[in-house]
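Subject: Structure handover

Hello,

Here is the structure I promised. Please open it first, then read my notes below.

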Amino acid sequence: MKNIIATLCLCTFAACTATSKFAPAADELPAMQSKMPGISFDRAIQGYKLYATNCSNCHRLHNPKEYTAIEWKKILPEMFDKAKFKNEENQTLLRNYVIAKSKN
Ligand code: HEC
């Protein structure tokens, strides 16, 4: 029984670290701002949390660096529909986060 609990804890931990590798780091802020001028660290974190919770239900969480800003702008409207992610303020937070971390 103890082993099962330990295994469960480990898996949960592994799952968290697997997705949190896309979380914005404070030292990335200048790089993020070069792609998304004016983004604050706080708003990048909010966007990341929305992304992590809404965009990994059907497939793995994609690394924002897989796509350029232009590609993300094409992909996101379709995925917002699929995820039934309708709140415009939240869409903006999520979009700004992925673009700030997008491929050059
Ligand atoms: C209801 C299921 C579902 C949800 C929720 C969902 N997706 Fe997807 N996503 C898909 C499917 C299916 C595909 C592959 C086929 C396609 O492009 O329609 C896909 C593909 C993708 C791709 C690859 C696109 C490409 O052209 O290679 C990205 C990036 C992506 N999703 C991002 C997101 C983001 C960001 C969110 C959150 C807003 C999200 N997805 C939520 C179903 C979903």
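Helix α4 passes helix α5 in a right-handed crossing. A crossing is right-handed if the near helix is turned clockwise from the far one by less than a right angle, and left-handed if anticlockwise. Helices (H or I, at least four residues) and strands (E, at least two) are DSSP runs, numbered from the N terminus. The axes of α4 (residues 69–82) and α5 (residues 88–100) come within 10 Å and cross at roughly 150 degrees. Axes are lines fitted to C-alpha atoms, for helices over the stretch in contact, and angles run from 0 to 180 degrees between N-to-C directions.

Which residues meet there? A69, W72, L76 and F80 in α4 meet Q91, R95, V98 and I99 in α5. Contact means C-beta atoms, placed from the backbone, within 7 Å. By class, this α4 and α5 contact has six nonpolar, one polar and one charged residues. Ala, Val, Leu, Ile, Met, Phe, Trp, Tyr, Cys and Pro count as nonpolar, Asp, Glu, Lys and Arg as charged, and the others, Gly among them, as polar.

A note on the source. This is a predicted model: local features need pLDDT of at least 70, side-chain atom pairs count only at pLDDT 80 or more, and totals for chains, interfaces and linings use all residues. Residues are numbered from 1 along each chain as its sequence is written.

Now the whole chain. There are five helices and zero strands. Buried residues make up 19% of the 104 residues. Buried means 20 or more other C-beta atoms within 10 Å of a residue's own, exposed means 12 or fewer, and partly exposed lies in between, with C-beta atoms placed from the backbone.

Next, the core. The largest nonpolar core has 13 residues, and A44, Y51, L94, Y97, V98, I99 and A100 touch the most other members. Such a core is a set of buried Ala, Val, Leu, Ile, Met, Phe, Trp, Tyr and Cys residues joined through C-beta atoms within 7 Å. α5 gives the most to this core, with six residues.

Also in α5 is N90. N90 is partly exposed because 15 other C-beta atoms lie within 10 Å. The C-alpha atoms of N90 and L50 are 7.4 Å apart, though 40 residues separate them along the chain.

Last, the ligand. Of the 13 residues around it, C55, C58, M79, K82 and A83 come nearest. A residue counts as near if its C-beta atom, placed from the backbone, lies within 6 Å. α4 gives the most to this shell, with five residues.

Best wishes

Key:
Contact = placed C-beta atoms within 7 Å.
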